[in-house]
Structures are given as C-alpha cells and as structure tokens.
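Here's a quick briefing to read alongside the coordinates. Have the sequence and the 3D view open as you go.

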Amino acid sequence: MEWGRFTSNSKTVKQLLTLLAVLFAAPICAQSVITGRVIDKQNQPLPGANIYFEGTYEGTSSDQQGNFKLVTDLEGTYELVVDFMGFETHRTSLEMPQKEVVLEIVLKEKFNELKAATIAAGAFEASDTKKAVVLRPLDIVTTAGASGDISGALQTLPGTSTVGESGKLFVRGGSSEETATFIDGLLVYKPYTSSAPNTQVRGRFNPFMFSGTVFTTGGYSAEYGQALSSALLLNTNDLPAQSELNLSIMSVGGDIAGTAKWESGAVTANVGYTNLAPYLALVPQNYEFEKPIAAVSGAVSIRQKVGKSGMVKGYSTYSRSNFILSQSNSEYDNGILRVDLSNENNYTNLTYKSAIGEKWVLSFGGAYTLDGDRVELNDAHYSENLEGAHVKASAIRQMGERVKLRMGTEWYRKNYGQAFSNEQIDAKNDFQEQREAAWLESDIHVTNKIVARVGVRGERSELLNSFNVAPRVSTAYKVNEYAQVSAAYGWFYQNPLDEYLIYEDNLQFERADHYILSAQYNKNDRMFRLETYYKDYSNLVKFAPDVPAYANSYNNSGTGFAYGVDVFWRDKKTIKYGDYWVSYSFIDTERDYRDYPGEAVPTFVSKHNVSVVYKHWFNRLRSQLGVTYMYGSPRRYNDLNQPGFNEGRTKSYNSLNMNWSFLYRQNVIFFASVSNVLGFKNVFGYTFSSTPGTDGVYDQKAIVPMADRFFFIGCFITLSRNKEINQLDKIND
Amino acid sequence: MKTVFTLLVSLVLTGTMLAGGPEFQKAMGSALKQMSAANSIDDMKNAANQFERISKVETDQWLPLYYHAHCYIIMSFMEREDKDLKDEFLDVAETSVNKLLEMQPENAEVHTIHGFMYSARLVVNPAVRGMKYGMLSGQAIGKALKLDPANPRAQYMNIQNEMGQAQFFGKDIAPYCAQAKAAWEHFDEYPIVSPIDPSWGKKELKDLSESCK
C-alpha cells in the first residue's frame, strides 16, 4: 500500500526527480556576477547590509566600504533584496544569467518614531520604555526631599516654584489650581490630601502605581483642558510581573499590598495606616498637634487583557484621615485657631483600551471622585463636599506611518458645596457644573526631522453658559541625532475657582496663552534643555472686597503675564555610579486678579529657583545615597505695615535633603531620609492681624514649616515565590 | 525504478530526520561556521545575515531565527561603547526571539535565548537595569528549566544568574562553581539530534566553574 501510494502520485515523483537533478547534476550553466555598493542618501557606505535573492539562500553582506560581490548560478528572474537595520528594504528585479551587473543601491532611512523629531516643548516625561526621557519613573521615588511624593519630585524640575507651605505644584507663575492631574487620561478632582491652612499636602497617589508620567509646563495637547498652566499625566502600570506580597513598615505607619497575577490579568489590593503620633512624640514641631495626623486607606486595582490587544484597567481607592492642630492666630479671642479636620475621599477609575485593526486605537474611560472635608474651627463648623465625574471616549487613527490623528469627546460633571455655621451665621452655598468637550489633533511628521502637532479643543460649560475654542500648535525640528529645537503656542481655558462659583456664576472662562521656545541636546546619558516662554493671562477673576464672599462683586477683568527661562542639565555619565541633575528657573510675573489693587507679583512666586539632585550607588554597600539641594529666591508677601501691595520680601528658601536606601537582602530594603539636614529656618510668608494694634501696627506672624527637619525610616519587604525580587526594582528603573 | 524509490525513500527519511533537507543543513552549517569564526561585529553581522536569509526561505524552521538572535546578542556584548547601539542590536534580537516564542512556545532552547537576551539588556546598564532584567531573565530561564531540566544551556544561564545575585549580596559563590562544574561534566550526556542544534555552553560552563579560583 505504501509503495502504491507513492507510485500513484506521479507528480510527487517528478518533483522529487527534479530535486535530485538539481542536487546531483553538476551545473554547467553561466554564472552571474553582481557587484555593487550600498549607500545612504548622504553617500555614506552602509556596511553589513544583507543582499540576497528572495526565496533562495544565496546572498552576501556589504563590507566596510559598502561594497559587495555576489556570484550566482541562478537562472531566471529573481528579486535582489537589500536589507539594512533602520532602512527601508530595497528590491531590484534581475534576469539571469548576466555576465556582469554593477549596482549602486541607495537606501532610504526608515521612518522611526523613536528617532524622529518629537513634540517636546513644555513636556517633561518619565518613562521606562522610551529612551530619550528626562526621568525614569523611579527617579521620582529616589529623589531626596521628595518623600516619595510625585509633586515633591517634580518640584526639582525647572518651571516649578517651591511653595513650602503648600506642597502643591506651582508652574511658571501659575497658582496650584492651574495644574490639572489626570490618571490614564481621566481627571482627578482632588489630587492632594487635605491639610490645615499653611501646612504641606501630599499627592494622594503612590508613585509606584505609574510607569509613565508626563509633566507639562505648558503648550500641551488639545486632549486636556481646564488647566491654565500645566497638565500632569500619570499613566498606570500594565500587568505586574508576578504574584507577590509587599510589606512596608515605616516610622509613620505601615502598608500591606498583595498582588495575584494570572496569565492575562492581575489584581492588587492594599491597605495602609498612617499615624504621626509616635513620630511627633519624639520630634518637636513648630505647630502643636492636639491629635496628630492619622489616616487609613485602601485601594484595589484590576488589570485584565481582553482579546489580543485590549486591556481593562480598574482602580478604586478610599481613604479617611483626621487631625487636630492648634495654630496661634491673633484673629481669635484666645489667640488660638484650633482646626479639627476630617477628610474622606474616594476615587474610582475604569478604562478600556484596544486596537481595532492595524490603524485604530480606541479608549473609553470613566472616573468618579467623592471628597468631603469636615472641619471644626474653634466654635464654627465648616464642610466642603465635592462630587465629580468624568467620562471620555477617544480614538487614535494612524494614517500612514507619518500622520497620527487623535480625537475624542468627554463629559464632566461636578457638584460642589460649602457650608459654614457658627453662632451668628448658617450659610450654605453650592453649584452644579456640567461641561462637554471635544478635540481633534494631528501629529504630522513632515520629514524625519520635522514634526508638527496641530490641534483644536472646544468646550462648553453649562454653568457659565459659555463656549470656548482653544487652538494648540506645537512643532519640533531635529537639528541632528542629538539636538532638537521646538516651539509651541496655544490657548488654555479654565473655569473660575470653586470658591468663586459658589457665590457667582455670571463669569467667563479664565484664559492663558502660551508661547514656548525650547532647545534640547541629548547625547550619551547627558541631557541639556533650555526653554523660554511667555504667558499671557486674561479674563482672570477679580473680586472686591478682600475675600471671596457672598455679597462681593465679581468680574473677569483680571490680567497677568509671566515670562522666564528654564534650564535643565542631567548627567548620568561623568561620575561612575553617580547621576545628577541641575534645574534653574528664572521667572518674571505679575498679575492683577483676585483683590489685587493693580498688577503685582503673586506671593507664590520666586524669581530664581535652583535644584541640584544627586544620586550615587555604592556597589559594595549595596546602597544608594541621594542628596537634593533646593534654593528659592525671596518671595513676596503683602506687608500691611508698609506702603504698596505685595511689596514685602521673605528671606530666601534653602533646603538640603538626604536619603539612603540599603538593599539588605534580595527582598528587603531599608530606607531612611532627612529633610533640611542643615536646619535652615525657612519662612514662607507672613500673616497679619486684620486690625492694627493701638500703636497702629498690624501684628505679623511668620508662616513656617511644621518642623525644620523631617526624619523618615522604613523597611520594605517583598515576599514571592521568586526570591530575587524586592521593591528595589521599583526604586531602580 | 526500484532503486530510484529506495533512494527517494532514504532521501525523504534523512530529510525528515535532518529537518529542512540537505540544502538547509548545508546552509546552516556554513552560517554556523561563519558564526563560530566571527571575532568582530562585522563578521558576526555577516553570519546573522546568513541566518536571516535562511529564515526567510525556511519559514517553519526555528533554528535560523534562534541563531540570528544569538548573533545579535553576542554583538551587543562585542560593542563596547555605544549603549544605544547595544540596545539597537538587542531590539533586533528581541524581534527574532518574539517570533521564536510564538513559533515554539514549549521549546526550552527558545526560553533560554529569551533569558539570555534579557541578561544582555541587563549588561547594558547593570546599576539601573539589574533588578528588572535580572527578574525577567530569571523568569525565562525558570520556564526553560521547567520544560527541560537537563538542558545544559538553561542550567548555565541559571547558575550564572544565581551566581551574579550571590556576588552582589557578598555571599559565597563556591556552591555555584560546583554546580557549574557538575553541569560541565555532564554536558556531553545531553543528546544532540542534529549537528545544527544548539550546542554551545560547554566552554561557558567551564569558565563559570573556574570563576571561584
């Protein structure tokens, strides 16, 4: 039977016979000799190009001069293919045999997004996957002085001012409310913890959650609105590497996190408890806590791959915190302001992202924030409630390899209310806001060296009964492999602050126009960046008299400007195991807004800001030392005992911070940090009594940090089946 | 006719045994020779080019891609200065490794070269990449050993990874030298079906076993 099957298939036999003939017959046919040179468009030789006849093994490689010689016995028409890493494949049809063929093959460089010019003006990116970025995600955690806080670390970048009594991000002459935070593209209404007046806040989110961060100091994409100065884009991690249990034991509390991973998804849950009582018992503070900060928090995050390219991410966190703090304050009868603050916060975020075919990427997402502050102020009660939602659908369409179109639409909802009561007053104020927005934007790589982003955003506010259109343009020219110049221009709109809208909704969007010029040089682990900008503020809210209140008059006649220069230098190369960056920002800004009598320098601005960050890895000690020095030139304050407005000047701000992390075992890390090691007595400004004393002088009181130094120690343990892993993979890259 | 058939059958059988047929074997043999003789990046690239040519014709064979990736990994070690170029070489290697993983998901050699590629990524910048790529390499090698515990190349990579960890933590590395020595002694017991199958690792194990001296 077996044989019969063979014989019956005479076609197979014929084919095999042909094969045999080819194999064993000594070929007596004419040889073809193909010689040539492989070069690029600049006439430079390309050595090591792969030159071969398609469908055969026959081929060769070009030599150092780009020359090649290929001798073949092939007969018939064949495609000669030339392949070279990073270049487009070249094909020539050749009919053989031919005696001698001489070819000059000019290869065209492939379009490579990673090597092409990139939109860079106004953006600082921290990423693991991209190459030429300013920061790695873990730089955020290992920066001394940042205390593992995202906004703390970003304050070592140029374009920011250190505002010690706030801890929030102040970007290029903008107030902290002008920076919006987005997680996976969705707005976070309350990115910071609640705090007493003039005490520092922290970001609510653990920096380990994010694998890509873009901090923009202006000129950002039309995808983002409602931020006059800056958008902070935090992108969460995809799938974790493995199942594990993380324990953190710290001088201020503890945290336990467990991750269960399966092939296509993972779930992580954590609970944490923070209590500053033991710490405050040991270290004296400038302010007196009757009840130190205590907080519980929990979070769950889920990742699930769907289909070939789809991913669902869900994240939900809940926290509640409380403290009672007494600050001396001459406004009150007993000279003391006692603040008893409780905060409850929930943030939930759900996204789905998937590629549809080769050309489309679709994303859908929704986020919900619920936040409530209850405050007892001496005998008064104050509460603040915020409920916010954001729903967004967006799409990216790749049109050829050089043009990318992005578009989307979104819907916002916000309910905000304040209530205040004491013996005399019982006031409640609130508003509801709804906004719809849409944007369209296109990235066009005109050549490998030139890229342009053109976008427009339209947004409508129901509350303001108003519509705005915001054009945004950004472009970059790549001078050579290492250098790039960029420019950006755009209009940015934002609603008036909640504290005005509860009293008055007959207002317009505030507006800022950005003009940015930037140059960047990036070679061999060294990066230099110089950026200059001009910002033009208009339609800022003004009110009278001096604090936002019910019967005040409000209008949009405020204006302002800011211009400055930001310089950034990072060098990971010169010092072995060492890595440092230096940021310098110069800014000149004035604005006429709020209750300002005219144009004046806002109190949150320092004309000169300097940060020097150094990190050194000691291989033998398995330790990393981090040192950060920060300087801010004197800030303004409104000295009631002097003529003029905001004419008082504080002394300059100085701080030297250090941290140390030690890899004790594969899965155990010890960490310690001290802020303001040298104990500079920093003053952020002054508060004044509302009425002058009998001598006609207003009482003044310095706004100082909670403590001159802050000490922190912690131990981080990772338990998993794979004993190699610890949380340092979170600290180092 | 009968003799032709005998010849054919024997040819077909040898062909099946030596997967890919004699032409393939010959071409692979020649590329492997070039690879083992290569002592510069250019030489190695030429060998890689040969493997690439073969892989484009023999789309169902995994060995050309395997060696193509191997060449590029070695090139990343040969490049001394330019870190970006090292990564570009490893990007090429990774493309081939990804194809291999899709083609042969249960092949220990494939997971070993996958781990090797991660180790090479680590070497580009150990201080920064140590933890992440050490972990990824460990995971890939773990998979390889699960599929084929006796595979000497997977054993070699595993011992090397663990020895590196021990060294970093200032622990005694003598046990790993002993492990390497044992693996080296048993190296030849691992069956090699075809002359073009992966067979490297003996010298590497020997060198590793001597690193305690």
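This is a predicted model: local features need pLDDT of at least 70, side-chain atom pairs count only at pLDDT 80 or more; totals for chains, interfaces and linings use all residues.

Residues are numbered from 1 along each chain as its sequence is written, chains are lettered from A and ligands numbered from 1 in the order in which they are written, and side-chain values use heavy atoms, with hydrogens and water left out.

**Chain B**

- Chain B has ten helices and zero strands; helices are DSSP runs of H or I with at least four residues, strands are runs of E with at least two, and both are numbered from the N terminus.
- Along its principal axes, the C-alpha trace of chain B spans about 70 × 35 × 30 Å.
- Of the 213 residues in chain B, 49% are buried (buried is under 20% relative accessible area, exposed over 50%, partly exposed in between, with a 1.4 Å probe and protein chains only).
- Take the contacts in chain B between residues at least 6 apart in sequence: 62% of them join residues at least 24 apart (a contact means heavy atoms within 4.5 Å).

**Confidence and domains in chain A**

- Chain A averages a pLDDT of 89, and 94% of its residues score at least 70; pLDDT is the predictor's per-residue confidence, from 0 to 100.
- Residues 1-8 of chain A stay under 50, and the model gives them five contacts beyond four places in sequence.
- The pLDDT is also below 50 over residues 727-733 of chain A, but that stretch has 32 contacts beyond near neighbours in sequence.
- The domain assignment gives chain A a domain 1 (2-107) and a domain 2 (123-135 + 171-248 + 259-654 + 678-709); such bounds come from an automatic or database assignment.
- The centres of domain 1 and domain 2 of chain A, taken over C-alpha atoms, are 60 Å apart.

- Four strands of chain A make an open antiparallel sheet in the order 3-2-5-6 (two strands pair if DSSP finds at least two bridges between them).
- Strand 3 (59-61) and strand 6 (90-96) of chain A are the edges with a single partner strand each, so one side of each has no neighbour in the sheet.
- Strand 2 (residues 50-53) and strand 3 of chain A pair over three bridges, and Tyr52(A) stands opposite Gly59(A) in strand 3.
- Helix 3 (residues 41-57) of chain B packs on this sheet, touching strands 2, 3 and 5 (76-83) of chain A, and its direction makes about 30° with that of strand 2; axes are lines fitted to C-alpha atoms, for helices over the stretch in contact, and angles run from 0 to 180 degrees between N-to-C directions.

- Most residues other than glycine have a negative phi, and most peptide bonds are trans.
- A cis peptide bond joins Met96(A) and Pro97(A), with omega about 5°; another joins Ala544(A) and Pro545(A), with omega about -5°.
- Gln226(A) has a positive phi near 60° and is buried, at 12% relative accessible area.
- Asn539(A) has a positive phi of about 60°, lies in strand 29 of chain A and is partly exposed, at 30%.
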